[in-house]
Structure formats: structure tokens, C-alpha cells
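Have the viewer open while you read.

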Amino acid sequence: MGGLRMMVGGRPVRPAIDTSKPHSARMYDYYLGGKDNFAADRETAERALRSWPAVRTAVRENRAFLGRAVRYLVGEAGIRQFLDIGTGLPSANNVHEVAQAIAPECRVVYVDNDPIVLTHARSLLFSSPAGRTAFLDADLRDPAAILGSPEISATLDLGQPVALMLVAILHFVTDVDAPAALVASLLGALPPGSYLVASHVTPEHDPDGVAGLERAYRQGGVPAQARTSDDFAEMAFHGLEMIDPGLVLVSEWRPEETGPRPLASEVNWYGGIARKPHD
């Protein structure tokens, strides 16, 4: 893999994958049953699972929420542009696949900072002929680099509404990095009528289990900070117009299936969609 070289955004990139340290994207892949993870990822994930055994349920519910959110944005809100930060490893029903199945002209920019995600960027770049996708190797903690990138200018029209996707990433940004300011910077560059989709782990329904997960991640060198729904709402959705049903457990955001729902203590994950209002 050290010899792999690919072009992203017109630039040659040689991924440098450190398999000795866990990464949140690869751990997420492990929870979903994927194969793009290493021993360090699995060991840290297993420590987290010992504390919060329902993590896999929570991750699956979060992934399903992502799909429903995209279908709502394209099918009901008329959105055709997406900025997905914290993309993670390709899985079933990636944002461009869900969006372009409804409106083939949709355009998506994926952003992640894990080199192994970069090596899989080709699958994320496989767009419908009418639409377009791009991949950007960047970090949420540097909004200026994201917004000023050629990938953004070549793919998205920031004069038209954009859906900013911050799904399962903000709980990896601790308070020291001022996540509310990061979200505000990104939203500030988007026009009124844009949307924010965000989800976040909460300690509210299983404090001990989630605290153990946080410890496992931090011991592995992965920043992690669960937040209450009120703190999450203030950090991400302040000043925005929430879309019904508001900020709820991801399993309860417009579920498409009938039948028993997972317990709140199994999900421990809030999500919501909000619209940037006109002045």
C-alpha cells in the first residue's frame, strides 16, 4: 500500500497509513462489519464495546438516519448539493448514491482526513453522468482550508443552497477546538436556505456505558466527547430552523420501518436537520 498513488483534486497523493494507531473512521467500519480496519482499531473498538455493548446498534441506526436525511433533503427540500465532512469509509448507501438515485444531477464533496478513506476515494467519486462528486483530504478543524479548496469551487455553487453533513463527527471534536465556532464558520459560508444535518453521541441514556466508550477512545489516542442533547443543540443548531421532528434520537427521526424500536440506552445518539433562515 505504500506505493499507492492516486490523484485527488488534480493533485498526486500518497497516503501514509499508520496502522499502529486507531482511527475513528476505521473503528466505525469495524462496528458496521467492514474489513477496512486494523488490529489497533479492533482492539480499541472492542474495549468500547465492553463498556457499551450496543454500539453496533447505535452505529447502524446512525447510518440509517443518514440515508433518511439525504432522501428528505433531495426529495422534499429540493437540495442538490452536499458537503459531507467526516465521510468515513465507503459503505452501502453513500450520500451521492442515495441523492443521485432521486436526482441524478446532485453534486457531493466528501471530506475526510484518514488516509485509508483516501485510498477508497475512487468509489466515492463514481458519480452519475448528470452529477458530480469530489473528495477532499482535509480536517473539520480547518474550515478555511475546506471552503477555499479547489474541490469545493469546482463542484459546488456556494451561491445556491448546500446541505452541510456533520454526521457522527462532532463528538470527535473536544471543547478545546471550539466546535461551535467551526460549525458557525462553515454555515457562514453557505447561503440562506442551506441545511445542516448533524448527529452526536449522548451520555444521557447510559452514562456509565458512554463514559467507558469515551475512555477507550481517548486511551487509544482518539479524541472523544459525548454531549447532552441541549449542549449539542446549542453547539450545532443555534439560530437555525429545526425540521420536524426536531432533535431526537437518530432511530426516531422519521423512521421508515414499523415494529419495535431500539431502546434509548442502546442508541445514545441524537440527530437532526435544520435550515439556515433568510435574514
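How many aromatic pairs does the count come to? By the rule used here, where rings of Phe, Tyr and Trp (its six-membered ring) pair if their centres lie within 6.5 Å, the count comes to six aromatic pairs. Planes under 30 degrees apart make a pair stacked, over 60 edge-to-face, and the rest tilted.

Some ground rules before going on. This is a predicted model, with local features needing pLDDT of at least 70 and side-chain atom pairs counting only at pLDDT 80 or more, while totals for chains, interfaces and linings use all residues. Residues are numbered from 1 along each chain as its sequence is written, and side-chain values use heavy atoms, with hydrogens and water left out.

**Rings**

Two of the pairs go in the table.

| Pair | Centre to centre | Angle between planes | Type |
|---|---|---|---|
| Phe 172 and Tyr 217 | 5.8 Å | 25° | stacked |
| Phe 232 and Phe 237 | 5.5 Å | 65° | edge-to-face |

The pair of Phe 172 and Tyr 217 links distant parts of the chain, 45 residues apart. Phe 172 sits in the loop between β6 (163-167) and α9 (179-188), and Tyr 217 in helix α10 (residues 207-219). Those labels follow DSSP runs numbered from the N terminus: helices are H or I with at least four residues, strands are E with at least two.

Buried here means under 20% relative accessible area, exposed means over 50%, and partly exposed is in between (1.4 Å probe, protein chains only).

Ring pairs also tie Phe 65, Tyr 72, Tyr 195 and Trp 253 into a cluster. Then there's a charge over a ring: Arg 56 lies over the face of Tyr 30, at 5.0 Å from the ring centre. To qualify, NZ of Lys or CZ of Arg has to be within 6 Å of the ring centre and within 35 degrees of the ring normal.

**Backbone**

Most residues other than glycine have a negative phi, and most peptide bonds are trans. Ala 168 has a positive phi, near 60°, and Ala 178 has one of about 50°. Ala 168 is found in the loop between β6 and α9, and Ala 178 is in the loop between β6 and α9 as well. Ala 168 is buried, with a relative accessible area of 13%, whereas Ala 178 is partly exposed at 37%.

As for peptide bonds, the one from Asp 244 to Pro 245 is cis, with omega near 15°. Pro 245 is found in the loop between β8 (241-242) and β9 (248-249).
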